[in-house]
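Open the model in your viewer and keep the selection tool at hand. This tour moves from stop to stop.

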Amino acid sequence: MHWHILGAGAIGLLWAAKLQNAGHQVTLILRTAEKLAQYNTTGCFQIINDDKTERFFTEAELADNNTPISYLLVTTKSFAVTGAFASVQHRLTNDTRVLLLHNGMGPQQQLTNENPDLEIWAGSTTDGAYFESPYHLVRAGIGETCIGRLSACGNDSLFQELQEVDEQLQQSADIHTVLWRKLAINCAINPLTALFNCRNGELLKYDDRRAAMAQICKEVEDVAKALGITLFNRKLMEQAWDVAELTSNNHSSMQQDVSHNRPTEIETITGYLCQMADQAGVATPANHLVLDAIRGLSPSAR
Ligand code: KPL
């Protein structure tokens, strides 16, 4: 398989490495000529795993190329997905398979609705890695990735092909619910860690933070219930508590974005939740409060 990867962040490069290790061709699609020139000074990226450093010499190019794309993996930040997709749309054919692996919800549904003839998959991952410096990635733990086909068209062979790339890979016949579960956890943890400027585990140490988290969880459960979505077989607060405890030393992605004054994924996390709540007529005051607060703190993604 020849994969093109849009989004050379941590997840994009981890997947580039997995695909290359399994013998596939990979091309990174970089956003600007400056980024491409910077990458081409070495023409490779590195992954540090325990004490071992592996170098991956991977091709890179810009979107405005005319070679067709057979397999497209999109791992950009959620607010950049639809723009990044549009930048390569002229290179997609009726046989192209697309896998969207990003936080939040909205872009997956939008792209699937707008491209009914395209085989589109979406996924959710707990894989972790962070950059020590540009193109030097430190693997922070091996997580699990679950994917499922969103489009009515196509077949399930992509999963079998990718299982050889990632042994931990799971398939779900109901990826929508999988995405909702991840969304629920992100609603519970991400905005509060950004607002309190704390690590995930520090949400659990103070009464006011726990109370805010519990209120957010209750509202997310109300919305899911109104939409007929089954979240977890226990209270969302208990599930989110465990995730915050398990990742207690981590800075959430939103906390990092806010502290570096970067655009956040709030619109596809809490923003999506509030939009669904408003359409279903469910009140979500605590979620609206953190949505507005994060909007006020971070630069717009547009
Ligand atoms: O997915 C995450 C994120 O930071 O975006 C959590 C689960 C909150 C872990 O940090």
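**Stop 1: the ligand.** Select K182 and the ligand. A polar side-chain atom of K182 sits 3.5 Å from a ligand oxygen atom. Keep in mind that this is a predicted model.

An N or O atom in the side chain of N190 lies 3.1 Å from an oxygen atom of the ligand.

Which residues are around the ligand? Select N103, K182, N186, I189, N190, N200, V243, S252 and S253 to show them.

**Stop 2: helices α6 and α7.** Select residues 175-196 for α6 and residues 207-227 for α7. Their axes come within 10 Å and cross at roughly 150°. Angles over 145 degrees count as roughly antiparallel, so α6 is roughly antiparallel to α7. The crossing of these two helices is right-handed.

Show the side chains where they meet. On the α6 side, pick W180, A184, C187, A188, L192 and F196. On the α7 side, pick D208, R209, A212, M213, I216, C217, V220, V223, A224 and L227. How many residues of each class does the contact of α6 with α7 have? There are 14 nonpolar and 2 charged residues, and no polar ones.

**Stop 3: helices α7 and α10.** Is the crossing left-handed or right-handed? α7 passes α10 in a left-handed crossing.

Color the contact residues. From α7, take V220, V223, A226 and L227. From α10, take L273, M276, A277 and A280. By class, the contact of α7 with α10 has 8 nonpolar residues, with no polar and no charged ones.

Look again at α7. V220, V223 and L227 are among its residues that meet α6, and they also belong to its contact with α10.

**Stop 4: helices α3 and α4.** Select residues 81-88 for α3 and residues 107-114 for α4. Their axes come within 10 Å and cross at roughly 35°. Show V81, T82 and F85 in α3. Then show P107, Q110 and L111 in α4, which they meet. The contact of α3 with α4 divides into 4 nonpolar, 2 polar and no charged residues.

Note on methods: Residues numbered from 1 in each chain as written. Predicted model: local features only at pLDDT ≥ 70, side-chain atom pairs only at ≥ 80, totals over all residues. Heavy atoms only, no water. Axes fitted to C-alpha atoms, helices over the stretch in contact; angles between N-to-C directions. Helix = DSSP H or I, 4+ residues; strand = E, 2+ residues; numbered from the N terminus. Parallel < 35°, antiparallel > 145°, perpendicular 65-115°, else oblique. Left-handed = near helix turned anticlockwise from the far one by under 90°. Contact = heavy atoms within 4.5 Å. Nonpolar A, V, L, I, M, F, W, Y, C, P; charged D, E, K, R; others polar. Near = heavy atom within 4 Å. Polar contact = N/O pair within 3.5 Å; in protein donor to acceptor, adjacent residues only side chain to side chain.
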